[in-house]
Amino acid sequence: MLRLPEFNYLRPRSLREAIKVLGDLGSDAMVVAGGTDVYPKMKRGQFTPRHLVSLRTLRELKGIRQTKEGLWIGDAATAQYGHHRRQRSRGHSL
Ligand SMILES: Cc1cc2nc3c(=O)[nH]c(=O)nc-3n(C[C@H](O)[C@H](O)[C@H](O)COP(=O)(O)OP(=O)(O)OC[C@H]3O[C@@H](n4cnc5c(N)ncnc54)[C@H](O)[C@@H]3O)c2cc1C
């Protein structure tokens, strides 16, 4: 079984904090959302970040909203939002 290498896991509480953390850590850090792509690649040595910054719980990046310009889909929106009746009627491709 492939094991994950050691890394620091950071979970900023706001988008502002996430931006600061990512700026401070630079190329030693990588963002992670669900991790289905990141973790297997770390196990195989394709990604070698020392720090992972999770954006998964940031409220600012969640959800799907109708705006004047169109549909706004947050970076941390999950498939379950696409099942909401209101959104389904506005965007069948979701
Ligand atoms: C078993 C398996 C089955 C899969 N099946 C499918 C499938 O059927 N269809 C499909 O499309 N994909 C599939 N995938 C691929 C995977 O689901 C996608 O790559 C998905 O987009 C990963 O989402 P995540 O939230 O887990 O991303 P993560 O693994 O967390 O991140 C993916 C990449 O995006 C970057 N990233 C994450 N969040 C942000 C952000 N806010 N801003 C900038 N960069 C960011 C990360 O640094 C990383 O490089 C599968 C993967 C696995 C392991």
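1. Alanine 18 is found in helix 1, where helices (H or I, at least four residues) and strands (E, at least two) are DSSP runs, numbered from the N terminus. Alanine 18 counts as buried because 20 other C-beta atoms lie within 10 Å; a residue is buried if 20 or more other C-beta atoms lie within 10 Å of its own, exposed if 12 or fewer, and partly exposed in between, with C-beta atoms placed from the backbone. Leaving aside neighbours within four places in sequence, alanine 18 is in contact with Pro12, Val53, Leu55 and Leu58, two residues being in contact if their C-beta atoms, placed from the backbone, lie within 7 Å. From C-alpha to C-alpha, alanine 18 and serine 54 are 8.4 Å apart in space, although 36 residues apart in sequence.

2. Before going further, please keep in mind that this is a predicted model, in which local features need pLDDT of at least 70 and side-chain atom pairs count only at pLDDT 80 or more, while totals for chains, interfaces and linings use all residues. Residues are numbered from 1 along each chain as its sequence is written.

3. On the overall layout, the secondary structure of the chain comes to three helices and five strands, and along the sequence these follow the pattern β-α-β-α-β-β-β-α. Of the 94 residues of the chain, 6% count as buried. Among contacts in the chain with a separation of 6 or more, 41% are accounted for by residues 24 or more positions apart.

4. An open sheet of three strands has the order 1-3-2 with parallel pairing, where two strands pair if DSSP finds at least two bridges between them. Strand 1 (8–10) and strand 2 stand at the edges with a single partner strand each, so one side of each is left without a neighbour in the sheet. On average, and with direction ignored, neighbouring strands of this sheet are turned by 25 degrees against each other; axes are lines fitted to C-alpha atoms, for helices over the stretch in contact, and angles run from 0 to 180 degrees between N-to-C directions.

5. The pairings can be followed residue by residue. Strand 1 and strand 3 run parallel and are joined by three bridges, and the bridge partner of asparagine 8 in strand 3 is histidine 51. Strand 2 is joined to strand 3 (residues 51–54) by four bridges, again in parallel, and valine 31 stands opposite valine 53 in strand 3. Helix 1 (residues 15–25) lies across strand 1, strand 2 and strand 3, and runs at about 165 degrees to strand 3.

6. Which residues make up the largest nonpolar core? Five residues do so, namely Ala18, Val32, Leu52, Val53 and Leu58, a nonpolar core being a set of buried Ala, Val, Leu, Ile, Met, Phe, Trp, Tyr and Cys residues joined through C-beta atoms within 7 Å. Leucine 58, leaving aside its neighbours within four places in sequence, is in contact with Ser14, Leu15, Ala18 and Ala76.

7. The ligand is surrounded by Met30, Val31, Val32, Ala33, Gly34, Gly35, Thr36, Asp37, Val38, Pro40, Leu55 and Asp75, a residue being near a molecule if its C-beta atom, placed from the backbone, lies within 6 Å of it. The elements that give two or more residues to this shell are strand 2 (29–32) and helix 2 (38–43), and strand 2 provides the largest share, three residues. By class, the shell has seven nonpolar, three polar and two charged residues, where Ala, Val, Leu, Ile, Met, Phe, Trp, Tyr, Cys and Pro count as nonpolar, Asp, Glu, Lys and Arg as charged, and the others, Gly among them, as polar.

8. Isoleucine 64 is found in strand 4 (residues 64–66) and counts as partly exposed because it has 18 C-beta neighbours inside 10 Å. Threonine 57 lies in the loop between strand 3 and strand 4 and counts as exposed, with 11 C-beta neighbours inside 10 Å; threonine 57 and arginine 13 are 44 residues apart in sequence, yet 7.8 Å apart in space from C-alpha to C-alpha. Methionine 1, in the segment before strand 1, also counts as exposed, with 3 C-beta neighbours inside 10 Å.
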